[in-house]
Amino acid sequence: QAIWAQGLRPPIESSLWARVQFLASGALCAMVACFGRSGLALAATSCAGLVLQCVANSSLRGGGADRPGARSEQQKGQASEDPLKILFVGNSLVFGPSAFNTTEQNNLPRFFKLVAESLDHKVQQQEDTVGGCSLFMHRPSINPSGLNCSSSANADCMSSQGQDCNFDQCWAVNNTRVDLSDGCSVNPGVVYGGQDAPCPQRLMKQDFGAWDVVVLQDNSILPSVVGALNQMLAPSVSEYSRVLRQSGAHQTRRFGEPLLAMFMTWSYYDGGHRKCPGASFPPTCFPNGTLDSFTDCETSDAWSESVAGHPCMAYSLARGYAEMLDYGAKVLVPSGLAWEAARGSEPIPQQCKAAIDAEFPGPGPLANLSLPIKLEDETLARWRGAKAQDLFLYQGPDYNSTYCDDGCHVDNHPSALGQYLNALVFFATLFGESPVGADWPQGQVVDGMALPTIDEQDARALQHIAHEVVVPYLATWWSGSLVPRRTAPPAMPLPLWRPGSEAVGGEMFGGGA
């Protein structure tokens with residue numbers, strides 16, 4: 001009671017606190033029964049020790065004030081006035097395409113803002129997203145501001161199905177989400193649609209002031225291709241890290257330094273489900289060829305076996321993204337592992353795990369974890385088996401999915417449920433707090449965009465999943481260094497952008513995920 005009165009109740013779930021009270025009461029009864037009055041003092045000492053040990057354990061699990069991402073009371077007061085300024089850089093897994101027969105996007109930045117602000121953390125967000133594109137093509141060094149770009153090139157190229165594409169100059173961005181007056185542009189041939197929000201220049205424009213967090217996400221399967229990981233993703237992360245360290249050095253930042261956060265994405269519904277990584281679309285986002293060219297998949301099954309089944313593919317992506325903590329990323333956002341927990345934490349086959357681990361120089365940042373992460377309450381894993389389709393984007397009854405062999409009609413994008421889980425994982429990772437009790441999408445309008453609606457019981461289950469996957473392991477998710485610990489290979493040249501050159505890596509509208 002004295003501990004409670006002093007405000008030292010550990011920041012743990014009420015169910016766990018109830019167990020602490022039960023154990024303490026049991027200890028009191030047993031000691032009094034055995035030792036009489038003298039047992040009272042011993043019981044008090046033991047109970048206090050039990051509670052304080054629980055507090056200590058809770059701190060280690062992410063509940064303490066000294067955990068990564070946690071802030072002092074003074075900092076929390078400042079946070080109530082200073083929004084978190086966050087930029088998301090990625091593709092359609094971030095901007096969230098609409099499901100079949102719907103108009104609402106499953107937009108991660110806005111889902112994240114909904115969650116954070118419902119838990120008293122203000123957020124200012126922007127995005128730089130191009131569907132299907134590699135992070136390599138978002139790099140600041142190849143997307144400077146102030147260029148004289150064609151204002152109609154993307155529209156001309158799209159309307160002509162790739163027959164009338166101007167590769168001689170950059171393309172100014174002008175669609176329903178980015179106005180021409182915003183001064184955004186992409187490299188020639190980087191096509192975009194109406195739900196994309198392409199603007200690599202936002203990294204340096206910093207409309208809200210210096211970014212607190214810049215989130216990086218790559219093509220959905222690229223991190224499982226080690227050759228592309230080393231030659232495309234690692235140099236990109238290293239470049240972003242260098243630019244962030246150099247820009248706005250004297251500006252006030254929420255965490256004291258700019259944070260580069262890697263968005264660990266999830267396995268496809270049935271894993272890789274193919275012999276080779278497949279077509280890279282648009283090919284201008286992969287200027288040195290398709291992802292197939294980084295493997296020997298035509299003559300070997302090594303890559304396909306490393307992503308066979310969703311536990312293997314999820315582990316391959318997790319290892320790839322975790323490696324970026326050595327190239328300048330500070331934080332790893334483990335959404336892919338949360339998806340596996342929601343699907344029941346199926347074991348990772350030892351053969352594929354060993355093959356994936358052999359591709360890397362060391363055990364990596366995830367070596368201290370027992371993967372997959374298992375939920376304490378297994379009933380939360382409501383998306384086992386075919387039910388996992390509900391986490392993915394439904395494309396209609398006539399959609400012939402290449403992501404499954406059980407007749408499913410989903411692709412690799414997140415549904416509203418899947419994207420909400422991602423947003424919860426982001427909140428728990430970046431703020432170091434439990435997302436339990438957050439609001440969920442119910443048609444709200446966030447930064448001018450209407451959100452879809454999800455079921456309350458599903459939302460609450462996902463909140464607890466995010467808590468269990470993130471909060472106990474914050475030290476792992478925050479184990480990167482803004483100053484790279486390893487030197488990335490030089491970025492590959494860009495043969496595409498010589499005036500008059502042709503797109504490489506396939507036809508302009510060749511398709512692919």
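Reader: Why are α11 and α13 described as roughly parallel to each other?

Author: In this predicted model, the axes of helix α11 (residues 310–323) and helix α13 (residues 350–357) cross at roughly 20 degrees and come within 10 Å. Axes are lines fitted to C-alpha atoms, for helices over the stretch in contact, and angles run from 0 to 180 degrees between N-to-C directions. Angles under 35 degrees count as roughly parallel, over 145 as roughly antiparallel, 65 to 115 as roughly perpendicular, and the rest as oblique. The angle of roughly 20 degrees is under 35, and α11 and α13 are therefore roughly parallel. Helices here are DSSP runs of H or I with at least four residues, strands are runs of E with at least two, and both are numbered from the N terminus.

Reader: Which residues make the contact between α11 and α13?

Author: Cys 312, Tyr 315, Ser 316 and Arg 319 of α11 meet Cys 352, Lys 353, Ile 356 and Asp 357 of α13. Contact means heavy atoms within 4.5 Å. By class, this contact of α11 with α13 has 4 nonpolar, 1 polar and 3 charged residues. Ala, Val, Leu, Ile, Met, Phe, Trp, Tyr, Cys and Pro count as nonpolar, Asp, Glu, Lys and Arg as charged, and the others, Gly among them, as polar.

Reader: How do you know whether Arg 110 is buried or exposed?

Author: Buried means under 20% relative accessible area, exposed over 50%, and partly exposed in between, using a 1.4 Å probe and protein chains only. Arg 110 has 10% relative accessibility, so Arg 110 counts as buried. Arg 110 is part of α6 (residues 108–118), and its contacts beyond four places in sequence include Glu 127, Asp 447 and Leu 451.

Reader: What do the cut-offs say about Gly 271?

Author: Gly 271 has 0% relative accessibility, so Gly 271 is buried too. Gly 271 sits in the loop between β6 (259–263) and α10 (302–306). Its C-alpha atom is 5.8 Å from that of Val 307, although 36 residues separate the two along the chain.

Reader: What stands out about the phi of Asp 120?

Author: Most residues other than glycine have a negative phi, and most peptide bonds are trans. Asp 120 has a positive phi of about 70 degrees although it is not a glycine. At 66% relative accessibility, Asp 120 is over the limit and therefore exposed. Ser 345 also has a positive phi, about 55 degrees, but at 5% relative accessibility Ser 345 counts as buried.

Reader: Where is there a cis peptide bond?

Author: Leu 371 and Pro 372 are joined by one, with omega about 0 degrees. Pro 372 lies in the loop between α13 and β8 (392–394).

Reader: How should I read the numbering and the confidence limits?

Author: Residues are numbered from 1 along each chain as its sequence is written. Local features need pLDDT of at least 70 and side-chain atom pairs pLDDT 80 or more, while totals for chains, interfaces and linings use all residues, and side-chain values use heavy atoms, leaving out hydrogens and water.
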